[in-house]
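Here are some notes to read with the model open beside you.

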Amino acid sequence: MYRSHILVCGGTGCTSSGSERIITAFEKELAATGLTQEVKVIKTGCFGLCALGPVVVVYPEGAFYSQVKPEDIPEIVEEHLIKGRIVKRLLYSETVEDNAVKSLNETDFYKKQVRVALRNCGVINPEDINEYIAYDGYMALGKVLTEMTPEQVIQTILDSGLRGRGGGGFPTGRKWSFAAAQPKGQKYVCCNADEGDPGAFMDRSVLEGDPHVVIEAMAIAGYAIGASQGYIYVRAEYPIAVKRLQIAIGQAREMGLLGKDILGTGFDFDLDIRLGAGAFVCGEETALMTSIEGHRGEPRPRPPFPAVKGLFGKPTVLNNVETYANIPRIILNGADWFRSMGTEKSKGTKVFALGGKIHNTGLV
Ligand SMILES: Cc1cc2nc3c(=O)[nH]c(=O)nc-3n(C[C@H](O)[C@H](O)[C@H](O)COP(=O)(O)O)c2cc1C
Ligand code: FES
């Protein structure tokens, strides 16, 4: 049991502003003060306030320190962790306005946000499957495999009103139903993690902060349409996302959550990663599949649509990272819960990457 947890953002933004050095400095200082058995340092994914990185949150108080430098670490350890006095000069300015330390969720930046796709980002260690499981991870996969038919899964996604987050906005449940209706045989599930739009980093943050949610959702899609193999196409310029995905896939396989006879239900599903070389056009679904097949990434005419003739000519469901990140919560909380948010024609929440001449660049 640890009495304190130090969460240090390990997203790309904070890594660029030096969060690895912060982690090293904490580890050194905790060792020097004999606190390694009492205080645990955890590297998370993006918190959202990337402009203020490196971001550090110390629990149980939830003190939100921003723009932390390695030289600040001895003071945080001495004052906060040993003497119990929060280091006010390092707090995110909004949290000290009224001299009271607010938790992250009480700040203006976070309090109007409902984080569905990002719910675990900045909360868990993405390199530890146990932390994902502790936050209900793989429970939705367990539920669909043991309590739901593929038709019921598709109906739930249809009822939820979820539409693709990759740009086209096609109803996800309809896409799944087309692929499910194809004759039994080899089918595929693909994830579009190419994210070519300039300034966009929603998908990267999900993969860096919560890679298991995409793995779990793809396995659910596999069950729904009758596919046993999936591919995640991720751009090679996202090295942290690729590394965390590799770790996550390895851990899921080790726990029997990918591979043969998942959870003893007879369902087989496995995943592989394919790296994109950064061609914008490869974000288009047919070009992406052509690229996975090992050819130059050129689009092919539709119809036939991927649900009928997709990867290697087989029926394929292809969704965006953020689309998948919503799936396990929809299964666990129900379609009505998801429908209760959003607009008339598009339900749920949407992640936005904020950039430009604004106060808080980052993710909401
Ligand atoms: C030129 C072009 C680039 C695209 N780039 C992306 C991309 O980077 N990521 C993405 O998810 N979808 C991209 N799309 C949309 C995909 O073709 C596809 O509609 C989407 O990935 C389907 O997933 P969804 O239904 O979950 O949104 C692009 C489309 C076009 C025409
Ligand atoms: S990368 Fe650290 S807050 Fe976004």
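1. A cavity is a set of grid points where a 1.4 Å probe fits but cannot get out, whereas a pocket is an open set. Rolling a probe the size of a water molecule over the atoms shows where empty space is left. The model discussed here is a predicted one.

2. How many cavities of 30 Å³ or more does a search of the whole structure find? The search gives two.

3. Start with the largest cavity. Its lining consists of R119, N120, Y132, Y135, D136, G137, E216, P328, R329 and L332. Helix α13, which covers residues 321–333, supplies the largest share of this lining, three residues. Sorted by class, the lining of the largest cavity has four charged, four nonpolar and two polar residues.

4. The second largest cavity is lined by G11, T12, G13, C46, C50, F201, R204, S205 and E208. Two or more of these residues come from each of α1 (12–16) and α9. Which element gives the most to this lining? That element is α9, with three residues. By class, four residues in the lining of the second largest cavity are polar, three are nonpolar and two are charged.

5. The largest pocket holds about 860 Å³ of space. Its lining has 33 residues, and G166, G167, G168, N192 and E285 are the closest to the pocket centre. The elements that contribute two or more residues to this lining are α8 (172–181), α9 (202–209) and β9 (316–320). Of these, β9 provides the largest share, five residues. The class count for the lining of the largest pocket is 12 polar, 12 nonpolar and nine charged.

6. The second largest pocket contains about 320 Å³ of space. It has 17 lining residues, and those nearest its centre are Y59, L104, N105, G122 and V123. Nine residues of this lining are nonpolar, five are polar and three are charged.

7. Which residues are closest to ligand 1? Among the 16 residues that surround the ligand, the closest are G166, K175, N319, N320 and T323. G166 is also one of the residues closest to the centre of the largest pocket.

8. A polar side-chain atom of N192 is 2.9 Å from an oxygen atom of the ligand. In the case of G196, a polar backbone atom lies 3.0 Å from a ligand oxygen. For R165, too, the atom is a polar backbone one, and the distance to an oxygen of ligand 1 is 3.3 Å. The ligand taken alone exposes 610 Å², and the protein buries 80% of that area.

9. The last point concerns two strands. Strand β7 (residues 259–262) and strand β8 (residues 267–276) run antiparallel and are joined by two bridges. Across the pair, I262 stands opposite F267 of β8. The two strands form a hairpin, with four residues between them. One residue in the turn, L263, has a positive phi of about 55°. In a regular strand, side chains alternate between the two faces of the sheet.

Terms used:
Residues numbered from 1 in each chain as written. Chains lettered and ligands numbered in written order. Predicted model: local features only at pLDDT ≥ 70, side-chain atom pairs only at ≥ 80, totals over all residues. Heavy atoms only, no water. Pairing = 2+ DSSP bridges. 1 Å grid on protein atoms, 1.4 Å probe; cavity = no way out; pocket = protein on both sides within 12 Å on 5 of 7 lines; lining within 4 Å. Points joined across faces, edges and corners; volume = space filled by probe spheres on them. Nonpolar A, V, L, I, M, F, W, Y, C, P; charged D, E, K, R; others polar. Near = heavy atom within 4 Å. Polar contact = N/O pair within 3.5 Å; in protein donor to acceptor, adjacent residues only side chain to side chain. Areas by Shrake-Rupley, 256 points an atom, 1.4 Å probe, with all protein chains shown as cover.
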